[in-house]
Amino acid sequence: MLNKKVNIVVGLTTFNTEMLQISIPALGKLKQKFLLVIYNDNPTTTVSRHQIRKLGYTGKIEIINTSEKVGVLRGRMKIVDEIKKLKSLPDWIIFNDDDDILTDLTIPEVSDNIFSIVQNSIIIRHRLQDLMRAINNSTSIDIDGENVIISRPNMYFVGMLIRTSLLIETFDFIKPLLESIEKIDNSLGYRPPVDLMLRTVLTMYAKFKNPDLSPIYMDKVNYIKTELDTATVKYDKLNKPARNITEHYKRAIAKYETLIKSALDAIAPQGL
């Protein structure tokens, strides 16, 4: 593992590794210096440095290839476990899905009580040509409100700058809860909303640790999210609820919140 200080880490989880042809070239175009940590959750394939270099990324990199599929949540946690091996901890971390485009890594000057920086995302919904245009030039995209829309603010866990130290604490807190979290996941009947769940847990833990901690919002785009996959069934589950998606997600998040609140209440008397 690299020992030289880096200020920011990009954590990228992948399963369909061919999708790296979308995310990696964009990372190679970023002007900021960062450490890229890739977690490959597909035990049937191997991601190599040579492969990543061919896709245009020449910066610092660590690659974790797995022998068993663990899912997005555990994959992100393994990325953070790898970061913990650094002698000097990076100040910030941001996550990137393999089929999305990170367009900017500018870190503004913020006070110490800011635990995350939320920006805007562009969502490509239907047309392959829109994705190809974004890959070729991610800073010039026509938003039409139907095929290409803007999420203001970005509601995903990916694309959000997070204080590394707080995320490490948050993941250490939920490690004993993983089986309970996965029981909720398995009860849903559709792919669990991991991004929404992680944002909820991070915020709850931050407020528990210090009520003065808060996120900050910047009205600028730093992430392009692709939603071109129209498969109704993915990984043996519905990709999304068949109807009333917002209500289904609200009920799911309420289950996670109940679990996390109970766990926080249990440790409150002892403090952190």
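**Notebook: salt bridges in the predicted model**

I began with K84, which in this predicted model is partly exposed, its relative accessible area being 36%. I then looked for a partner and found that the side chain of K84 meets that of D172 in a salt bridge, at 3.3 Å from N to O. I noted that K84 sits in the loop between α3 and β4 (92–97) while D172 belongs to helix α5, so this pair ties together parts that are 88 residues apart in sequence. For D172 I also read a relative accessible area of 36%, which makes this residue partly exposed.

Next I turned to D81 and K175, whose side chains form a salt bridge with an N to O distance of 3.0 Å. I located D81 in helix α3 (residues 72–83) and K175 in the loop between α5 (164–174) and α6 (178–187), so that the pair links distant parts of the chain, 94 residues apart. I checked accessibility on both sides: D81 is partly exposed at 29%, and K175 is partly exposed at 32%.

I then looked up K85, which forms a salt bridge with E82, the closest N and O atoms lying 3.1 Å apart. Here I recorded K85 as exposed, because its relative accessibility of 53% is over the 50% cut-off, whereas E82 counts as buried, because its 14% is under 20%.

Last, I followed the linked pairs and noted a network of salt bridges that joins R76, D97, D100, D195 and K225. For the whole model I wrote down a count of 18 salt bridges.

Conventions: Residues are numbered from 1 along each chain as its sequence is written. This is a predicted model: local features need pLDDT of at least 70, side-chain atom pairs count only at pLDDT 80 or more; totals for chains, interfaces and linings use all residues. Side-chain values use heavy atoms; hydrogens and water are left out. A salt bridge is a side-chain nitrogen of Lys or Arg within 4 Å of a carboxyl oxygen of Asp or Glu. Helices (H or I, at least four residues) and strands (E, at least two) are DSSP runs, numbered from the N terminus. Buried means under 20% relative accessible area, exposed over 50%, partly exposed in between (1.4 Å probe, protein chains only).
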